[in-house]
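Thanks, everyone. Please have the sequence and the structure open while I talk. I'll go feature by feature.

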Amino acid sequence: MTCHDPFAALENLHDPATRDFARAAHAETLARFAADTAFDDIKNDVAALLRDERQIPFCQEHRAKMYHFHQSAEHPKGVYRVCSSASYRAGIPDWQVLFAVADFDALLNDDVYLDGVSHYVERPERVLLSLSAGGGDAAYTLEFDLASGKLVEQGFHFPAAKSHIAWRDENSLWVCPAWDAEQLTASGYPREVWLMRRGQTFEQAQLVYRMDTDGVMVHAWRYLDGQGAPVDLLEAATGFFRKSYFRIAADGSTHKLNLPEDAEICGYLAGQLLVRLKGAWQRANRHYPAGALLAVKLDKYGTGAAHTLFVPNERQALESVETTKRFVVACVSDNVAGTLRGWRWQDGQWQTQDLPALPGGAVEITDQPWGGDVLYLAASGFLTPLTLYALDLNVMELCVMRRQPAQFDPQGMDVVQHHAVSADGTRIPYYRVGRNDDGADTPTVIYAYGGFDVAELPHYLGSIGRHWLANGGAFVLANIRGGGEFAGWHEAAVREHKHKSADDLLAVAEDVYARGLATPERTAFQGGSNGGLVCAAATVRAPQRIGALVCEVPLTDMLRYHRLSAGASWLEEYGNPDNEHDRPHLARLSPYHNLDGQTAYPPVLLTTSLSDDRVHPAHALKFYAKLRQTPCARVWLYAPEHGGHTGNATQEHSAAEFACILRFLHGHIAS
């Protein structure tokens, strides 16, 4: 592999030639896939589904009011609105609009999208708005008063940056700034923690902590405790998974907590930290296994006794943790399906609670109103629309709040979990969703992510079911290593073992073919971000074993990823290209460097956003440019100006991108 990069210039997004290149490629893609009535029909239908008032409005509840971000044709950027909890539960919400996102464009002289609303829970009409510039990760932070509908005069207002800003109390914030180069780590994230009080300028704020530039990021926040005093904590991440935690005292001094560097604090209740272990922890004469959830006593001098709440078996993994006033509830992946576990702190000890059963599939905690013991839960399956539940933990009563209308008819379809055998003999689970009488000529999309300890669970397929399954297609979810589906599943495919994610994906494809469920010509890989890397690596390695590739906001240049945008924060996942030990395996993995100018590759649709400040657009741009030089090149690039890494744009934009992908798939594996 040569060190010369013929397309290195595409890394410079400030060069008009780069943006012209991307715009021309995007226009060519639209001309190919978005110029007919079939595209319009899909786009308009998906946009209408997104705007359907019968969709579940997922809310934040504060003091008997439900707050909701709502997008519509009238307000494409959305409005923030509120109704009473009583009207919401009755199914006739009395919505009142509090502000429109589009109104901030003129104020900030920028194209902004709502990235989040942080209520100060003890006075919830006072909020911090996070307004994303162009849909990227960099965002403005503005203090807004919902009662008056105005910005707070002389309030907490900060410029667009990848800052971390959190309430400490009504009159002070924890500020981790990122608007000046000196405030940043090599990964482009904050390295300083400041305590800023109302009425102060930033220059008058108190510096609490500063890390070296070779760290990844810092973050500080306050936990409120329904059974005790609040606590201020600071996280200093030296890697994506390695970090140190500090308790911040009232005078601003910091005190390091005795926790493993790969542990994660995920809650606080009754003076105890809820800690998720990634690796095993040997503490004095006690052993705590990998993947466990612990309750660790927090005392004046640091951490005290630890109590084990949950230990996963080999087919389980802890997904998320939420606390209420008296309870701890965890979402657990159990053989790649969501379940709940619960505990109560009572009479000075932890008591396991039996929780009401939920349907199998994906389960998520969507909200927990401060000060009570109610949780809002969303549950769905591939063929089962979302249901929003309210769970009152005091009486263990589960109530249906809303049901999402079905977006397609699942009759004649089924969901089957199979297992493939990867190159090293590991059994890899995958779900196949489709008609129960499908044969080998069924157009099939195999979706994978496989990274950063993120589990892929059986969520409702919605628009995919409506426009792909209902038209005779099949969908496969590959639960490959690198993800978080099982304890140890992530660690099995990192750094020099990252290739195992691609091994697993290819094994799933071969198993699908061997079962007579599809053929290579009628099958596409699809993945985004890390999943885009895995799918691209598998396609480049075995181009004859796949019919098409949808590669969304991907990493593709694994020898320079650490020098592009936030790439330096991912060294623990992939390895360091500047390290003699890591560079060879990254060179073998890198899709960009393994493209062969003599090989004909299957059709490829790449997507990115020119406002993506997390995974640099150059990964997609360079891969596209190099693919165009291969024999019989059939490659397209979808690259809008806005949306960032997560597609934070309007519903119209989301529907258009989905329709373009569907038209690409129909044209190459379903025609």
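One term before we start. A residue counts as exposed when its relative accessible area is over 50%, as buried when that area is under 20%, and as partly exposed in between. Keep in mind, too, that this is a predicted model.

Now use that term. Is Asn109 buried or exposed? Its relative accessible area is 70%, so Asn109 is exposed. Find Asn109 in the loop between α4 (103-108) and β5 (112-119). Its phi is near 55°, a positive value in a residue other than glycine. Why point that out? Most residues other than glycine have a negative phi.

Here is another one. Asn335 is not a glycine either, and its phi is positive, about 55°. Look for Asn335 in the loop between β25 (327-334) and β26 (338-346). How accessible is Asn335? The value is 30%, so Asn335 counts as partly exposed.

On to charges. Side chains of opposite charge can pair when their charged atoms come close. How many salt bridges does the structure hold? There are 42. I'll take you through a few.

Start with Arg54 and Asp52. They form a salt bridge, and their closest N and O atoms are 2.9 Å apart. Arg54 has 56% relative accessibility, so it counts as exposed. Asp52 has a relative accessible area of 19%, so it is buried. Check that against the cut-off: buried means under 20%.

Next, Arg89 and Glu61. Their side chains meet in a salt bridge at 3.6 Å, N to O. This pair links distant parts of the chain. Arg89 is in helix α3 (residues 85-90), Glu61 is in strand β1 (residues 60-62), and they are 28 residues apart. With a relative accessible area of 42%, Arg89 is partly exposed. Glu61, at 9% relative accessibility, counts as buried.

Now Lys622 and Asp557. This salt bridge comes in at 2.7 Å, N to O. Where do the partners sit? Lys622 lies in helix α11 (residues 618-627), and Asp557 lies in the loop between β37 (548-552) and α8 (571-574). The pair therefore ties together parts that are 65 residues apart in sequence. Salt bridges with shared partners join Lys622 and Asp557 to Arg560, Asp5 and Glu11.

Let's turn to rings. How many aromatic pairs are counted? The count comes to 28. Take Trp194 and Phe202. Their ring centres are 4.8 Å apart and their planes are at 50°, so this pair is tilted. Trp194 is buried, with a relative accessible area of 13%. Phe202 counts as buried at 15% relative accessibility.

Now look at Trp281 and Tyr288. Here the ring centres are 5.6 Å apart and the planes are at 35°, which means this pair is tilted too. Trp281 is buried, with a relative accessible area of 7%. Tyr288 counts as buried, at 3% relative accessibility.

Rings can also gather in groups. Which residues form one aromatic cluster? They are Tyr67, Tyr80, Phe99, Phe104 and Phe144.

Charges and rings meet as well. The charged end of Lys278 sits over the ring of Phe241, 4.9 Å from the ring centre. Arg402 lies over the face of Tyr88, at 4.2 Å from the ring centre.

Last stop: a helix and a domain. Helix α12 (residues 651-668) has 18 residues. From its first C-alpha to its last, α12 reaches 26 Å, close to the 26 Å expected at 1.5 Å a residue. Its buried residues include Ala655, Ala656, Phe658, Ala659, Ile661, Leu662 and Leu665. Remember the geometry here. An α-helix has 3.6 residues a turn, so residues three or four places apart point the same way.

Finally, the record. The unreviewed UniProt entry annotates residues 468-669 as "domain: Peptidase S9 prolyl oligopeptidase catalytic". In the model, the end C-alpha atoms of residues 468-669 lie 12 Å apart. How much helix and strand does that span have? It is 35% helix and 12% strand.

Methods. Residues are numbered from 1 along each chain as its sequence is written. This is a predicted model: local features need pLDDT of at least 70, side-chain atom pairs count only at pLDDT 80 or more; totals for chains, interfaces and linings use all residues. Side-chain values use heavy atoms; hydrogens and water are left out. Helices (H or I, at least four residues) and strands (E, at least two) are DSSP runs, numbered from the N terminus. The expected span of a helix is 1.5 Å times one less than its number of residues. Buried means under 20% relative accessible area, exposed over 50%, partly exposed in between (1.4 Å probe, protein chains only). UniProt positions are given in the numbering used here, feature names are shortened, and annotations may be inferred rather than shown by experiment. A salt bridge is a side-chain nitrogen of Lys or Arg within 4 Å of a carboxyl oxygen of Asp or Glu. Rings of Phe, Tyr and Trp (its six-membered ring) pair if their centres lie within 6.5 Å; planes under 30 degrees apart count as stacked, over 60 as edge-to-face and the rest as tilted. A charge sits over a ring if NZ of Lys or CZ of Arg is within 6 Å of the ring centre and within 35 degrees of the ring normal.
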